[in-house]
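Hello,

Here is the structure I said I would pass on. My notes on it follow below.

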Amino acid sequence: MTDVPEPSLSDAFHVFDTTLRDGAQREGINLTVADKLTIARHLDDYGVGFIEGGWPGANPRDTEFFQRARAEIDFKHAQLVAFGATRKAGVRVEDDPQVTALLESKAPVVTLVAKSHVRHVELALRTTPEENLAMVRDTVAYLRAQGRRVFLDCEHFFDGYALDPAYAKEVVRTASEAGADVVVLCDTNGGMLPAQVSAVVRTVLADTGARLGIHAQDDTGCAVANTLAAVDAGATHVQCTANGYGERVGNSNLFPVVAALELKYGRRVLPPGKLAETTRISHAVAEVVNLTPSTHQPYVGVSAFAHKAGLHASAIKVDPDLYQHIDPALVGNSMRMLVSDMAGRASIELKGKELGFDLSGDRELVGRVVARVKERELAGYTYEAADASFELLLREEVEGRPRRYFEVESWRAIVEDRPDGTHANEATVKLWAKGERLVATAEGNGPVHALDRALRVALERIYPQLAGLELVDYKVRILEGRLGTGSTTRVLVSTSDGQGEWSTVGVAENVIAASWQALDDAYAYGLLRAGVEPQE
């Protein structure tokens, strides 16, 4: 047996995370043992009560994970859970190797999956309903006798209940009477709706007296709602995955479930202070699984508290609560004001305040900025996705002149198509900076890359801070028009200095010219961040 951490919260309600088992079944996720250990540390730090680590004995990776987790992780809040199945039909539980593997994992808690749908019993397990009940009874009782805490997942419960409610409830009753602490009702196919879940949970609770949990898949887009509906009906154990990862369209998302329980239900399910870690943990797990965090995910997405409409901004200027359901700081997020052609004076004032400018007393300045943003967005610029370009525009209006670090005499980019099918990309820039005329030529993988390299060659001696900049993303969009390949092009460039990341925008009928504008802003903003004063 492993050492079990002292519970920091009451055992009356469980937050159970299955990212490492069910979440890992998402298409595109392939976790190494090191990945699983890292995610387990994040989840324990967040304060969930149980972390389901995988199925020991089913594959070498999960077996190794349990061995290493015991040795390498000092769990502060969570208990490690091993997942497995009830004994096989016709096999003594003591002789079933996969049950033995659950014990050998030394996890203090075991989750068993069992059939509760009579057709699955007969067609998938190829056994009788009576033998299935015996499999549940024997395995739960055996593991309890070995000192393990046992949860039982009733697979396909809601569909099975619709077909034969008496048998589905008998599986629940059998598991509970054999010693299962919690019997989890699983919407395995994800087809349920909240009202259905609530009605079934309430009835099963009344008829069996078992402690119930909920495991909801998101195939109807209702996994979080179904989880909360089950809690309303009396479930005291919720199974979720970080960011909703999971098979098909995913599982109930841990973060909105926890946030709703704490902030909407007033139920403390995390240790004190941990709710404010929600956004950080969400993004940290996304980094480990190598999936870009969803920008529009509730509570933790970067757009979760972003405001674009001018009407919203006017109200938020008076009181942020008028257009926000919670204070974003409660979940470690922050409010953002987006600048676009929908912006009014309040949007610009709030965005200016966010950037460190008090514009409230200068209606003429705010009016100029609003008019300029709307004019440029009509031409194809987008400032909601290019905060750095907007800040440069705002500073230009506030300071009365463009923030220039160099003047462009000319630039050119050449793409040479060679007889052997390869291409050569070369760029030449001619600039003036700090009284010097600078001429540089460079090659690159493409014309934009060549321009970027030529700019660096020309400027790094005068501005050594540019050496630390890196272009991390480049997006091109052909704007709607009737000119085909002559249509207006918008380019968004994302740049990093190792400490932060910013985006800039350029628009022109030529993709290279649009790229040049975005690069120009990216370099200017990078130097601004580095504290470099512009040239006179």
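Tyr299 sits in the loop between helix H11 (278–289) and strand E9 (306–307); helices (H or I, at least four residues) and strands (E, at least two) are DSSP runs, numbered from the N terminus. The model is a predicted one, in which local features need pLDDT of at least 70, side-chain atom pairs count only at pLDDT 80 or more, and totals for chains, interfaces and linings use all residues. Residues are numbered from 1 along each chain as its sequence is written, and side-chain values use heavy atoms, with hydrogens and water left out.

Backbone

Tyr299 has a positive phi of about 70°, although it is not a glycine. With 9% relative accessibility, Tyr299 is buried (buried is under 20% relative accessible area, exposed is over 50%, and partly exposed is in between, with a 1.4 Å probe and protein chains only). Lys106 is another non-glycine residue with a positive phi, near 60°. Lys106 belongs to the loop between H3 and E4 and is partly exposed, its relative accessible area being 36%.

The chain as a whole

The chain contains 17 helices and 16 strands. Its C-alpha atoms fill a box of roughly 90 × 60 × 50 Å along the principal axes. Of its 536 residues, 53% count as buried. How much of the contact count comes from residues 24 or more positions apart? Such residues account for 68% of the contacts with a separation of 6 or more, where contact means heavy atoms within 4.5 Å.

The accessible surface of the chain is about 23500 Å², and carbon and sulfur atoms hold 49% of that; the areas come from the Shrake-Rupley method with a 1.4 Å probe, and for residues only the protein chains shown count as cover. There are 57 positive and 75 negative side chains, and the centres of the two sets are 1 Å apart. In that count, Lys and Arg are positive, Asp and Glu are negative, and His and the chain ends are not counted; each charge is placed at NZ of Lys, CZ of Arg, CG of Asp or CD of Glu.

Salt bridges

The structure has 36 salt bridges, a salt bridge being a side-chain nitrogen of Lys or Arg within 4 Å of a carboxyl oxygen of Asp or Glu. Arg87 takes part in one with Glu131, at 2.9 Å from N to O. That pair links distant parts of the chain, 44 residues apart: Arg87 is in the loop between strand E3 (79–85) and helix H3 (97–104), and Glu131 is in helix H5 (residues 129–145). Arg87 is buried, with a relative accessible area of 5%.

Arg87 also meets Asp138 in a salt bridge, at 3.0 Å from N to O. Here the loop between E3 and H3 is again joined to helix H5, and the two residues are 51 residues apart. Asp138 is partly exposed, at 31% relative accessible area.

Glu155 and Lys115 form a further salt bridge, at 2.8 Å from N to O. Glu155 lies in strand E5 (residues 149–155) and Lys115 in strand E4 (residues 109–115), so the pair ties together parts that are 40 residues apart in sequence. Lys115 is buried, with 15% relative accessible area. Elsewhere, a network of salt bridges links Asp11, Arg144, Arg149, Asp181 and Arg211.

Surface patches

Patches are made of residues with over 30% relative accessible area and no salt bridge; like charges are joined within 9 Å, and nonpolar side chains (Val, Leu, Ile, Met, Phe, Trp, Tyr) within 5 Å. Glu416, Asp417, Asp420, Glu426 and Glu443 form a patch of negative charge on the surface. Asp417 is part of strand E11 (residues 407–417) and counts as exposed at 58% relative accessibility.

Tyr474, Val476, Ile478 and Val511 make a nonpolar surface patch of about 320 Å². Which strand gives the largest share of the nonpolar patch? Strand E14 (residues 470–478) does, with three residues. Val476 is in strand E14 and is partly exposed, at 42% relative accessible area.

Asp62 is in helix H2 (residues 60–72) and is buried, at 7% relative accessible area. Apart from its neighbours within four places in sequence, Asp62 is in contact with Lys36, Gly53, Gly54, Trp55 and Pro56.

Regards
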